[in-house]
Each structure stands twice: as C-alpha cells, then as structure tokens.
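I opened this notebook to record what I looked up in one structure. The entries follow the order in which I worked.

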Amino acid sequence: MRDDQKNMDDAFSDKTEEFVSLEGKTTLPQDELVDEISEAITAEADEETTDIVASAEHEEGTEQEEELVEEQVKDEIDIQIDLLNDSEWVVRREAVITLGEMGDERCVEPLVRCLRDGDWQVRDAAVEAIAMIGSPAVDLLLRYIRDYDARKSVIKALGKINDERVLDPLISMLHNDEFKDDATWALAELGQPAVGRLLECLKNQDEVIRKQAILALGEIKDSSSVDLLMEGLQDSDWFIRLSSAAALEKIGDPRGREAIKLLAKDPDLVVRLRIEHMLAEWKKQAVTA
C-alpha cells in the first residue's frame, strides 16, 4: 500500500516539474517559465520608464522653447520702445506701428506717451496702434485725457475702442468748445455703441450738445434715431432744424425724407435754400435711377 502511494506521489511530482507555455503551447520546465515571465515584466517596465522619461524631456523642451520665444518678444518690445526716442520721426513712427502690431499690453504705456509726440504722423500712428490693442489701453487714456497736449489724440483713440468706459469722457467733451468737434467725430466713429447716449443728448437743454449729437447720429446712420431727429425738425434753433434734416437725409429713411419736405416753407432763408437744394438732388437721383 505504501509503495503504491509513493509511486503516485512521484508521478505527480514529475508532472508539476513542467508547465504549458501559452505562446508556443509547449511544455517548459518550471525554471524556464519563471525566467520568461520575469523577462517580459522587466521589458514592459523598461518601456514604461522610457516613455515617462521621453515625455518629461518633451515637456521640458517645450517649456524652454516657450520661454525662449517670450524672451525674444520681450527683447523686441524693448528694442522698439528704445526707438521711440529716435530723433527721426520716420523711425519713431515705424516703431509705433511695430508695437501696435505686437498687441502686447506692455506696449500700452509707451504708445500712449507717443500721443504727445511733436510730429503729427507719429501721433496718428500711435492712435491706430493703441486702437489695435483696444480695451487694455482705456484706463491710461482716461488719465492722459487731462493732458492738454495729448487730449486731441486721446479723444481720437478713445473713439476707436469699443468699450463702454469711453462713452462718459467723450460725451463730457461735447461741452468743451475747443474739443467738441473731436469728441463728435470720435463718437461717430465709435458707431452703434454710442447711439443710446447720443439720443439722450438730443433732449439736453444745451443747444450745443444737441447740435453735436445730431451731427454724430447723421454719420452713424442708425435708423433708431429717426423719430427723435424728426422732432429736431421742429426745434426753435434754425441750425438744429437744418442739421436734423441733413442727418435724416444721410440715414435715408422714407419717413425722414417726407418730414424734411415740410422745411421747404421754413421761416429761415438758409434752411429753405438748403432744403430746396436737397429736394432737387432727390429728383435727379429719381430720374437717373
């Protein structure tokens, strides 16, 4: 009995000395299988380590490239800012244009300072460059509007930036005899965002404010202003009546044109002559159409 049990144990032991390989489906000694599995695990770990190292090196390289580009841009900005002090206006203007094209907020202060430049071509270039940067320049412009020498250019720049913060200072400048026309054209250039405030100005008791608002609305040509401009045709001031008619003509709304015809019998000779000329032009347009 004991001999039979021993024979069975020996047979089982012999079998457990071998395992089946999944790949080759051949039997392998136990030690060889362990080596194979160990090598596979080691190779996989090495591959993961290589991927991690490569990824880290790539990220580090990307960061270094970004830092290099940023340094290059910073250096270029500094170079252009230095050129703003050049004695030649052409060099200063080109530097202003370049800074505007960069569109970096770090360019705002040097560009705003150029609004006081002694050459009008540099000032005009600065206005356009600041407009390209936009809203980030508003705060500094609002401080510079107090500077008499820069005020005209500051007003122009504000009119090119679609930001609600520019409305109050531009509207307030309509009260300034010296700069009211600049503010009017700045509001006109601002366009539709300024319409609401300009319509409020049509109800202002100050005739100058009403006149300037009418001029701006005529340039903007927004149809929402037609009703209030038609009311201007009834104003006691002849210039406001005439300006309202001119604004309505530019807008081209049929209701406005019908209302303008009533001024052909206006008590003021200047208004009547202007309306007669306007009606004659309409007839010509109708014939050639």
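I began with a term: a salt bridge is a side-chain nitrogen of Lys or Arg within 4 Å of a carboxyl oxygen of Asp or Glu. With that rule, I searched the whole structure, which is a predicted model, and the search gave 22 salt bridges.

**Entry: the chain overall.** I noted 15 helices and two strands in the secondary structure. Of the 289 residues in the chain, 36% are buried. I also looked up contacts with a separation of 6 or more, and 57% of them are between residues 24 or more positions apart.

**Entry: salt bridges.** Asp 182 is buried, at 14% relative accessible area, whereas Lys 152 is partly exposed, at 42%.

I then turned to Arg 255 and Asp 227, which form a salt bridge with their closest N and O atoms 2.8 Å apart. Here too distant parts of the chain are linked: Arg 255 is in helix H14 and Asp 227 in helix H12, 28 residues apart. I recorded Arg 255 as partly exposed, at 41%, and Asp 227 as partly exposed, at 45%.

Glu 258 and Lys 261 form a salt bridge with a closest N to O distance of 3.1 Å. Both lie in helix H14, three residues apart, which is about one turn of the helix. I also found that Arg 116, Asp 147 and Asp 149 are joined into one network by salt bridges that share partners.

Entry: Is Asp 222 buried or exposed? I found that Asp 222 is buried and has no salt bridge. The nearest side chain of opposite charge is Arg 255, at 9.3 Å, and the cut-off for a salt bridge is 4 Å. Asp 222 does make a polar contact of 2.4 Å with the side chain of Ser 224 through its own side chain. Among the residues that Asp 222 touches are Gln 192 and Ile 251.

Most residues other than glycine have a negative phi.

**Entry: H3 and H5.** I looked up how these helices are placed: their axes come within 8 Å and cross at roughly 5°. They are therefore roughly parallel to each other, because angles under 35 degrees count as such. The residues that meet include Trp 89 and Val 96 in H3 and Ala 125 and Met 132 in H5.

How values were computed. Residues are numbered from 1 along each chain as its sequence is written. This is a predicted model: local features need pLDDT of at least 70, side-chain atom pairs count only at pLDDT 80 or more; totals for chains, interfaces and linings use all residues. Side-chain values use heavy atoms; hydrogens and water are left out. Buried means under 20% relative accessible area, exposed over 50%, partly exposed in between (1.4 Å probe, protein chains only). Lys and Arg count as positive and Asp and Glu as negative; His and the chain ends are not counted. A polar contact is a pair of N or O atoms within 3.5 Å; within protein, one must be able to donate a hydrogen and the other to accept it, and residues adjacent in sequence count only if both atoms are side-chain atoms. Contact means heavy atoms within 4.5 Å. Axes are lines fitted to C-alpha atoms, for helices over the stretch in contact, and angles run from 0 to 180 degrees between N-to-C directions. Helices (H or I, at least four residues) and strands (E, at least two) are DSSP runs, numbered from the N terminus. Angles under 35 degrees count as roughly parallel, over 145 as roughly antiparallel, 65 to 115 as roughly perpendicular and the rest as oblique. Lists of a residue's contacts leave out its neighbours within four places in sequence.
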